Amino acid sequence: TAELVPQAPEDALFGLARAYRADEDPNKVDLGIGAYRDDSAKPWVLPVVKKADEILRNDPELNHEYAPIAGIASFTSKAAELILGGPDSPAIKEKRVTSMQTISGTGAVHLGALFLAKFFPGTKKVYLSNPTWANHNQIFSNVSLPIAQYPYFSKETKGLDFEGMKAAIHGAPDRSIILLHACAHNPTGVDPTLEQWKEIAAAMRAKDHFPFFDCAYQGFASGDLMKDNAAVRYFVEQGFELVIAQSFAKNFGLYGERAGCFHVVTGPAPDAQATISRIASQLAILQRSEISNPPLYGARIASTVLNDPKLFAEWEENLRTMSGRIISMRTALRSKLEELGTPGSWNHITDQIGMFSFTGLTEAQVMKLREDAHVYMTKNGRISMAGLNTRNVEYFAKAVDKVVRE
Ligand code: LMR
């Protein structure tokens with residue numbers, strides 16, 4: 001009965017956002033949720049999204065009918081090209097990809113988890129990086145997939161624990177599922193180099209592991225769409241069978257519109273097309289029972305841009321605006337801390353990439369920053385770089401300096 005339902009804790013990230021909103025201090029700084037802000041700390045509607053919206057609003061043919069179960073085909077096909085590197089990707093040319101539009105990246109990870117829970121042979125153990133996006137743990141647990149961790153972040157270097165990661169990949173039972181962040185790792189901002197990706201691929205191949213890529217920041221990390229999908233492209237070139245969860249929340253600024261995609265790529269084989277069509281049929285059943293069919297608006301916006309070369313070029317420009325501002329904030333924060341002579345080294349602020357920086361601040365320091373300086377960041381010391389701007393970066397650096405010295 002109802003009394004037996006225990007109280008669950010509030011979601012840490014959304015709880016943080018609520019606490020920030022309730023804070024009335026004029027100097028408060030929001031470095032919590034990973035959402036882009038402009039230099040005035042305001043959400044930014046991408047100019048290209050405004051244009052696409054205008055085009056859609058003036059389309060007399062547009063209606064509110066159901067989308068097909070797999071979503072809008074003009075969207076999912078371009079989404080696949082985007083992550084796989086264009087129509088010349090071997091997987092696309094050989095028709096070894098199937099794509100389902102999802103409720104953003106979370107929905108894509110969930111659909112993938114559900115699919116693997118049902119069809120992946122063997123023990124179905126999923127290895128997540130330590131640390132990873134907090135939601136990964138509960139998405140996989142909710143479909144009863146057992147979770148394990150691989151080392152990822154080195155506290156000493158504040159960079160990649162590459163040896164630890166490789167040893168864990170090597171030590172995992174054959175044919176484990178390994179979740180990999182395609183670029184701009186959340187929460188650390190630390191990515192393997194291409195050379196390291198090649199070694200990771202070789203280690204995974206040796207153990208017949210299954211790659212599950214989560215890609216939430218393509219184009220947002222470096223400003224270059226083809227650079228940010230290099231790991232995925234490499235694995236596909238190597239003939240891996242893999243899945244990809246793809247979000248358009250960050251790179252289109254379509255957070256609340258929930259535009260995303262789930263892709264399955266099978267390996268090159270004579271019967272690959274027959275395999276992919278069976279997989280598509282099963283995904284359709286799962287999708288129908290979960291959400292029936294995906295929401296239209298965000299996917300229509302993205303599709304409009306992805307299918308129009310001129311708008312696409314404008315989108316790339318908008319991506320460079322976002323990634324460029326974040327990179328300049330990394331430089332500013334590091335140089336302010338170095339100017340202040342803040343104890344410790346701060347090169348990791350500029351070495352890390354994407355939306356986040358894993359500062360190395362302890363939970364006690366994070367809590368002190370919240371109490372004393374009204375700075376809101378997650379307890380693991382992650383900051384959303386997009387929350388910094390030319391008006392608050394010095395304030396933040398001084399607050400960090402103080403707390404580190406205490
Ligand atoms: C984040 O990690 O801040 C974002 O990916 C938002 C979310 O849904 O957790």
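These legends walk through several close-up views of one predicted model.

Two notes on reading them: residue numbers start at 1 in each chain and follow the sequence as written. Since the model is predicted, local features need pLDDT of at least 70 and side-chain atom pairs count only at pLDDT 80 or more, while totals for chains, interfaces and linings use all residues.

View A. The protein splits into domain 1 (2–46 + 320–405) and domain 2 (73–307), with bounds that come from an automatic or database domain assignment. Their centres, taken over C-alpha atoms, sit 27 Å apart. Domain 1 puts 23 residues into the contact and domain 2 puts in 22; two residues count as in contact if their C-beta atoms, placed from the backbone, lie within 7 Å. Helices (H or I, at least four residues) and strands (E, at least two) are DSSP runs, numbered from the N terminus. By class, that side of domain 1 has eleven nonpolar, nine polar and three charged residues. Here Ala, Val, Leu, Ile, Met, Phe, Trp, Tyr, Cys and Pro count as nonpolar, Asp, Glu, Lys and Arg as charged, and the others, Gly among them, as polar.

**View B. The shell around the ligand.** Around the ligand you'll find L13, I33, G34, W133, N135 and N186; a residue is near a molecule if its C-beta atom, placed from the backbone, lies within 6 Å of it. Domain 1 and domain 2 each provide at least three residues of this shell.

View C. As background, most peptide bonds are trans, and most residues other than glycine have a negative phi. Going from N130 to P131, the peptide bond is cis, with omega near 5°, and P131 belongs to the loop between β3 (126–130) and α6 (134–142). Another cis bond links N186 to P187, with omega near 20°. P187 is in the loop between β7 (177–181) and α8, and N186 is one of the residues around the ligand. D208 isn't a glycine, yet has a positive phi of about 60°; look for D208 in the loop between α8 and β8 (210–215).

**View D. Helix α7 alongside helix α8.** The axes of α7 (residues 162–171) and α8 (residues 194–206) come within 9 Å and cross at roughly 15°. So α7 is roughly parallel to α8. Axes are lines fitted to C-alpha atoms, for helices over the stretch in contact, and angles run from 0 to 180 degrees between N-to-C directions. Angles under 35 degrees count as roughly parallel, over 145 as roughly antiparallel, 65 to 115 as roughly perpendicular and the rest as oblique. The α7 and α8 crossing is right-handed; that label applies if the near helix is turned clockwise from the far one by less than a right angle, and left-handed if anticlockwise. From α7, F162, K166, I169 and H170 meet Q196, E199, I200, A203 and M204 of α8. That contact has five nonpolar, two polar and two charged residues.

**View E. Helix α2 packed on α13.** With axes 8 Å apart, α2 (residues 47–57) and α13 pack at an angle of about 150°, which means α2 is roughly antiparallel to α13. P47, V48, K51 and A52 of α2 make the contact with L311, E314, W315 and N318 of α13. The tally is five nonpolar, one polar and two charged.

**View F. Helix α5 crossing helix α11.** Here α5 (residues 104–119) and α11 (residues 272–290) pack at about 120°, with their axes 11 Å apart, so the two helices are oblique to each other. The crossing of α5 and α11 is right-handed. L111, L114, F115 and F119 in α5 meet Q282, L283, L286 and Q287 in α11. Of these residues, six are nonpolar, two are polar and none is charged.
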